[in-house]
Amino acid sequence: MEGACGAGELDWTVVFRGGGRRGGGRKREGQAGQMEDGTQQLGHCLVDMRELSANPEGLTAAGVMLTPKLPQVEFSLACKDLVACRDRKPNALVQVAVIDTHKQHLVSQTCTEIVEANKDPLFLTGVTFPSEYPASPETLVKLTVYDAKDKSQESSSFLGSATFSVGDLLRAKDERLTLSLRSSDGVCTAGTVVVSRLKMGEMEEADVDHITTDIQSQKCPMVCDSASHRATIDRENNPLTGPVFKNPICKVYRFQTVDSKWMLVREQMEECTLSFSIPRQLLSLYIQEDMSRVQDLKDLGDLSPHWDNLRKEVMTRYGGIISCYQETLAELDKITGRSFKPSCCKAQKSLEFIPINLHTQRMRVTCPRKTDAFYDIVTVGAPAAHFQGFKCGGLQRLLSRYEADKKSFSTAYQCIYYSPEHTAKAQEVLSTMSLLQPLITSLADQLLMAAQEHSAPGLRDALKNLSDKTEQFVHTLKDELVKSALLALHAARPGYVSKNQKQTLVQGGQLQGHIQQSNEKNQSPVQGLPGHSPATSATESTMVCNNVEALQTMTGGEGGTLPVKHDSIPHHKEFDEEEWDRVWANVAKCLNCVIAMVDKLQEEHNNKQEQVPEHQLADVITSHNPGDWREQLRPLVTRLKECVMEVVEKAKRAMTFVLLQEAACSTPQGFLLQQRRDVVFSQALAALACGFVMKLYAGMQDKGFLRQLHLVGLVAQFESLLSTYSEEIGMLEDMEVGISDLQRVAFQITEAQSDELSDLQPSVCGRRDHFTVEVPLPRLVFQTLPEEIKEGKPLRVFPVLFNVGINEQQTIAERFGDISLQERINQKNFEMLEAYFKSFSEKVPLECLPCFQTQTDIKELLETLGQNVVTKKRKNVEILWIAGTICRRLNGIRFTSCKSAKDRTSMSVTLEQCALLRDEHQLSKDIFIRALDCMRSRLTQGDIGQWEDPEAGAVTENKPASRHFYPIALLLVSSHLLVVWLILSLVFLLAKYQ
């Protein structure tokens with residue numbers, strides 16, 4: 001059904017579209033171009049309701065009634081007595097479509113799996129109409145049964161069809177319909193189809209009819225009986241998910257357990273709005289940070305010509321990056337209505353900061369007499385710079401090569417070489433100062449306010465906070481790097497001449513020789529620090545460039561020497577190395593004066609209270625001038641703020657000069673690497689934020705989870721299926737650095753200003769060396785959190801990455817190539833996971849962890865994982881299985897990635913889901929393979945438009961590009977099947993295109 005109306009502020013559209021299967025966006029990429037602003041795809045329908053009235057039950061506008069939402073409608077399908085096709089039983093499947101009565105055409109919704117050689121098939125794939133969908137009792141559903149003659153060729157023949165309304169199903173006895181299938185001539189009966197409503201979360205006590213299944217000697221009830229599910233935040237009814245998760249695609253299945261009961265499995269895949277919102281915010285922060293660095297470089301003041309030229313070159317580079325990021329941000333702002341980036345756009349420049357196919361997957365399991373269970377996973381394409389390519393490798397290789405070559409760059413550019421540790425320290429000092437300096441100023445003002453109010457408790461609290469932050473500020477600046485950088489900056493000023501030089505400069509004709517001797521005797525102010533190159537010390541590099549200028553001035557160029565007086569040589573006063581120590585020590589002295597004054601005032605106040613009788617105390621307080629304390633503290637507090645500002649200005653210039661050396665030495669390779677790192681980190685952070693919010697919403701009522709969250713943090717396990725061959729090596733190198741950079745991220749939960757969707761969107765703040773993601777929650781929800789979280793405690797996430805290639809390229813790499821990258825990544829991240837569990841065991845009781853049917857101890861799992869990591873075994877997928885199990889046991893966040901989060905990712909996720917059903921919910925072994933085929937079925941998107949249906953007329957569908965999905969999961973069992981797989985694939989392709 002499709003229609004639209006508009007009146008006043010009401011604007012709504014209802015469009016039924018093809019709902020589909022999972023695959024991390026695999027089935028939905030064809031729809032990306034059809035998404036419009038404000039349109040949400042909800043499985044089998046699209047609903048666009050802009051500025052919808054607050055009345056959810058019903059709305060009348062321009063004669064149009066929006067009917068109240070029905071309860072969630074889900075039904076299963078089965079057939080009886082299908083007409084046999086000549087000498088064989090039919091391979092039956094059912095296509096489900098919704099009839100648009102206005103335009104007289106069908107809109108394909110879903111399709112069941114194929115049940116082979118059975119005239120009484122029972123389909124495991126059900127049909128879902130979640131409560132969000134605007135289904136009404138008048139909604140007409142058409143069921144068309146086909147006989148799939150040849151699965152590989154996707155050819156079929158029409159058997160029969162039947163039509164019913166949702167109201168018929170709800171009014172029927174036991175909510176079950178038995179419909180006759182009409183053949184193409186409309187006269188003959190091709191059999192019957194049984195439609196039974198599935199009841200989720202209800203216990204069915206009444207006896208129900210049974211129908212024979214394709215499993216021998218087995219009877220199966222048509223209604224799944226289950227206990228009431230536990231109270232938990234469910235996405236279907238959770239208002240929190242609106243700002244972040246949208247466009248759900250739902251699938252429902254019923255699978256048999258080992259005790260011949262039936263479990264109900266409901267899958268839901270959703271897009272995440274953070275795919276675009278997080279990169280947009282990061283781009284804005286990158287632009288602000290780089291513009292701030294340009295301004296800091298300008299604030300360095302006058303520099304010698306050499307250093308000034310380097311500064312101009314660095315500023316030009318920063319300007320190019322800023323311009324590029326502004327263009328990308330402008331392009332992203334133009335995109336509306338899309339919530340994910342399909343893999344076909346992975347190399348598009350304007351979308352390079354956006355993660356590929358970022359989707360959330362939730363599997364909800366309802367079993368007899370058990371509480372419902374939820375299993376969440378995030379699927380995303382490997383964070384990598386696809387636009388920049390992988391010809392020279394990925395970030396890990398490029399960064400290693402860059403650090404090795406940077407020393408030679410520093411010599412060529414006459415710069416000081418700073419190690420990565422010192423560069424990181426300079427960035428840390430700048431970041432800490434930018435946070436602490438305004439905080440100290442604010443706390444000092446609070447101290448004066450408390451003094452004005454004559455509040456002794458307020459004075460003590462404000463003084464304690466001010467002391468803590470000021471001591472932290474002083475400790476940050478007590479670093480030899482700051483002191484040596486100040487000396488290097490002093491030496492870079494115009495006309496700087498050292499003391500040794502001035503003693504040896506007697507006449508112009510001997511100037512060059514004396515300068516050379518002076519350079520040999522002079523020592524570097526940073527030479528004693530580790531990581532600095534002795535050949536490129538600060539004073540050597542600065543004196544060379546400055547003395548060249550003096551030499552040219554005094555010799556009159558190359559034409560000869562000019563007699564110059566000693567005092568005519570421009571020079572600065574000598575640098576006082578103890579000046580910096582005095583400057584930051586003044587901050588501590590000022591703080592001590594403030595503390596002493598506060599103690600004095602409180603002591604005088606206490607003495608006056610003891611001397612005055614109680615009945616006169618009120619008069620004394622009233623008559624006391626409340627401004628006395630403030631006036632006595634004001635000069636000391638003002639002096640403290642002035643000293644802090646003086647320290648900040650000096651340290652900021654010194655650290656900016658350090659970063660100038662880094663930027664000058666890295667031109668232009670370093671800037672390209674920084675851009676690549678920004679791109680990869682943006683994709684990784686969007687995925688992490690999505691997983692964190694998903695986990696937070698699901699665990700809002702779990703006190704053990706919230707306790708773990710603020711005491712030790714969460715582990716985020718990234719499962720990668722990339723091969724160590726060809727360009728995927730570069731992707732894996734990018735991904736390794738991007739996941740490692742997530743250690744610089746912290747999360748903070750805040751109270752939203754209102755319950756509006758715009759106020760519930762997560763936001764990002766910070767700099768490249770540290771980002772904070774703020775997750776706002778509604779006031780009522782926020783009040784239920786532990787005090788530590790409500791107070792704004794940073795919540796840490798520990799990212800770990802495990803990679804095992806599983807495709808044919810990995811087989812080539814293992815036999816003829818190099819897999820040391822994979823082995824190093826797995827070993828390193830195993831150690832990190834082991835360290836996290838050790839910290840967890842010390843801080844959090846094991847009772848906070850979720851319970852599982854399989855009671856294997858986490859320590860044993862870690863030991864097994866450690867053994868598998870060091871074992872030389874081809875395609876050792878046990879590493880991924882065990883790492884994923886440990887992550888779930890530790891209440892962690894699970895991610896699965898491959899190149900595009902399509903084929904390999906969907907195979908891995910579905911196999912993991914079926915394994916969970918088998919291990920945790922007693923899925924019957926006899927039905928395991930069939931359940932796996934159902935969840936992997938690619939016919940659920942409506943791929944039946946080409947099949948014959950004499951009654952169908954025009955069928956509207958979103959058909960993806962035809963693709964043959966080989967049984968890649970078999971490679972998880974044994975790599976020896978690869979040869980057979982390649983031969984069969986070649987035969988298939990030759991037969992197909994002949």
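**A guided tour of the predicted model**

Select Thr112 to begin: with a relative accessible area of 1%, this residue is buried (buried means under 20% relative accessible area, exposed over 50%, and partly exposed in between, with a 1.4 Å probe and protein chains only). The structure is a predicted model, in which local features need pLDDT of at least 70, side-chain atom pairs count only at pLDDT 80 or more, and totals for chains, interfaces and linings use all residues. Residues are numbered from 1 along each chain as its sequence is written, and side-chain values use heavy atoms, with hydrogens and water left out.

**Around Thr112**

Thr112 sits in the loop between S9 and strand S10 (127-129); helices (H or I, at least four residues) and strands (E, at least two) are DSSP runs, numbered from the N terminus. Display its surroundings next: Thr112 touches Leu77, Leu93, Val94, Phe123 and Thr125, not counting residues up to four places away in sequence, where contact means heavy atoms within 4.5 Å. At 2.9 Å, the Thr112 side chain reaches the backbone nitrogen of Val94.

**Strands S8 and S9**

Select residues 92-100, which form strand S8; 8 of its 9 residues are buried. Gln95 has Cys111 in S9 as its bridge partner.

**The nonpolar cores**

Move to Phe747. In the largest nonpolar core, of 145 residues, Phe747 is among those that touch the most other members, together with Leu447, Phe473, Leu633, Met655, Phe692 and Leu709. Such a core is a set of buried Ala, Val, Leu, Ile, Met, Phe, Trp, Tyr and Cys residues joined through side-chain atoms within 4.5 Å. The contacts of Phe747 include Leu688, Ala689, Phe692, Val773 and Lys793. Apart from this core lies another, of 29 residues, including Ile806, Val844, Ile858 and Leu862.

**Helix H23**

Select residues 903-921, helix H23, which has 19 residues. Because 16 of these 19 residues are buried, H23 is largely enclosed by the rest of the structure. Gln922 follows H23, with a positive phi near 55°.

**Confidence**

Finally, colour by pLDDT, the predictor's confidence in each residue, from 0 to 100. The protein averages 75, and 70% of the residues score at least 70. Where pLDDT is low, the predicted coordinates should not be read in detail.

Key
Two strands pair if DSSP finds at least two bridges between them. The expected span of a helix is 1.5 Å times one less than its number of residues. A polar contact is a pair of N or O atoms within 3.5 Å; within protein, one must be able to donate a hydrogen and the other to accept it, and residues adjacent in sequence count only if both atoms are side-chain atoms.
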